[in-house]
Structures are given as C-alpha cells and as structure tokens.
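Biologist: I would like to learn how to read a model of this kind. Please take one feature at a time.

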Amino acid sequence: MTAPTPAANAVDDLEATLAQTTTVLEGVGADDWHRPTPCPDFDVHALVDHMLTWSTTYADRVGVSSHPEHQHHLPGRHHAADDGTGHHAAAVFEELAPRILTGYRSDSAGSRELPLGIVLMDFLGHTWDLAVATGQNMRVPDSAVVRALDAGRSMLTPDSRGDSFGPEVEPASDATDLERLVAFLGRDPRWAAPAR
C-alpha cells in the first residue's frame with residue numbers, strides 16, 4: 001500500500017471523492033432501484049436514501065448552517081420523484097457536498113470533532129457499494145483511499161464493529177488499495193451484482 005504524498009491535501013481528497021459520488025449517483029438508472037448491493041439490508045434505493053441521509057448529517061455536523069431553501073431537498077425517497085433515475089439524488093448531493101467541504105476547508109469546530117478520514121471512509125465505502133451494484137467504475141485518488149483505511153484502522157477493532165461493519169474480509173494478495181478498504185469494511189471486493 002502506498003502512503004499519501006506530502007502534497008496530497010486531505011480536503012482535496014475529500015473533494016475528489018465527493019465528485020465521484022456525484023458521478024456514480026448520476027449513473028443510477030431507472031431499472032437499478034431494486035437491485036441488490038453489497039450491503040445485505042439495502043437495495044439500491046435504500047442505499048441512496050442512506051447516503052443522502054448521512055450526507056445531510058455530515059453537512060450539518062461540520063458547522064455549515066442549513067438554509068431554508070435546502071429543506072425541501074432533505075432525504076427520504078424524494079430523490080426518485082422526478083424521472084426514476086439517480087439524477088435527482090445527484091442534484092441533492094451536489095447541494096450537500098459543498099457544505100461538507102466548506103466546513104473542512106474553514107476548519108470549523110464541527111469539522112474538528114468529526115475526523116475527515118472517517119467521512120472519507122464512509123463515502124468511499126458506500127460509493128463503491130453503489131458503483132458495483134449498478135455496474136459502474138469508480139475512480140478516486142489513492143491518497144484518499146489510504147487516508148480512509150488509516151482512519152478506519154485507528155477507529156475500528158474486531159470488538160467495536162457492532163452492526164454497522166461486518167467482519168474484515170481477507171483481500172487478495174494483489175488487491176488494490178480500494179479493494180483493501182472495502183475488505184476492511186466487511187465487503188467482499190469480488191462481489192458482483194446479478195446479471196440484469
């Protein structure tokens with residue numbers, strides 16, 4: 001595994017990761033909503049709801065106030081209301097992502113209480129879940145993945161995984177950093193959605 005270079009900025013890694021999340025949300029098609037995901041309790045529809053709910057939580061926690069004009073975009077199944085694709089979910093996320101980034105770039109009190117590496121880990125893990133469930137590729141900086149994995153290893157022990165994280169999966173010897181991250185989070189990096 002490669003370590004982040006000194007020039008790699010953590011918030012830039014987060015920005016690139018959130019941009020990839022937007023791209024993957026945009027790629028969800030009308031026939032994808034009930035497809036399974038690597039998260040046993042979530043189909044694609046439930047996973048997108050989960051991602052938007054936590055994105056709203058993160059945006060609020062890092063100290064950027066929520067404005068009234070955002071309220072009608074709060075998550076809860078509203079993302080499928082326009083054309084049945086992920087496009088509206090991506091539009092909602094595009095409103096939330098800058099609030100998250102602004103909190104970390106401004107070093108707000110909330111951002112200091114919520115380690116950026118943990119946020120990276122969450123977005124990378126669930127964006128991977130959504131990408132493989134819908135047959136999409138995922139491209140993020142290696143430095144973002146390494147930061148997320150380092151954060152996860154500092155936070156999670158076998159005894160502290162609870163219901164949110166499955167047991168760590170042994171990755172292949174030639175696994176990529178992203179595959180090592182999802183294996184650490186309890187996913188099988190070889191998981192593939194059933195044929196359409």
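Modeller: Start with contacts, meaning heavy atoms within 4.5 Å. Among contacts in the chain between residues at least 6 apart in sequence, 77% join residues at least 24 apart. This is a predicted model: local features need pLDDT of at least 70, side-chain atom pairs count only at pLDDT 80 or more, and totals for chains, interfaces and linings use all residues. Residues are numbered from 1 along each chain as its sequence is written, and side-chain values use heavy atoms, with hydrogens and water left out.

Biologist: What is the mean pLDDT of the chain, and where does pLDDT stay under 50?

Modeller: pLDDT is the predictor's confidence in each residue, from 0 to 100. The chain has a mean of 84, and 80% of its residues reach 70 or more. Residues 68-82 stay under 50, and the model has 27 contacts beyond four places in sequence for them. Where pLDDT is low, the predicted coordinates should not be read in detail.

Biologist: How many helices and strands does the chain have?

Modeller: Both are DSSP runs numbered from the N terminus: helices are H or I with at least four residues, strands E with at least two. Here there are seven helices and zero strands.

Biologist: Which residues touch the most other members of the largest nonpolar core?

Modeller: A nonpolar core is a set of buried Ala, Val, Leu, Ile, Met, Phe, Trp, Tyr and Cys residues joined through side-chain atoms within 4.5 Å. Buried means under 20% relative accessible area, exposed over 50%, partly exposed in between (1.4 Å probe, protein chains only). In the largest core, of 49 residues, L14, Y104, L130 and L181 touch the most other members. Helix 5 gives the largest share, 11 residues. Beyond its neighbours within four places in sequence, L130 contacts residues including V24, L47 and M51.

Biologist: How many aromatic pairs are there?

Modeller: Rings of Phe, Tyr and Trp (its six-membered ring) pair if their centres lie within 6.5 Å; planes under 30 degrees apart count as stacked, over 60 as edge-to-face and the rest as tilted. The count comes to three. F93 and F123 form an edge-to-face pair, 5.7 Å centre to centre with 70 degrees between the planes. F93 lies in helix 3 and F123 in helix 5, 30 residues apart.

Biologist: Why does F93 count as buried?

Modeller: F93 counts as buried because its relative accessibility is 1%.
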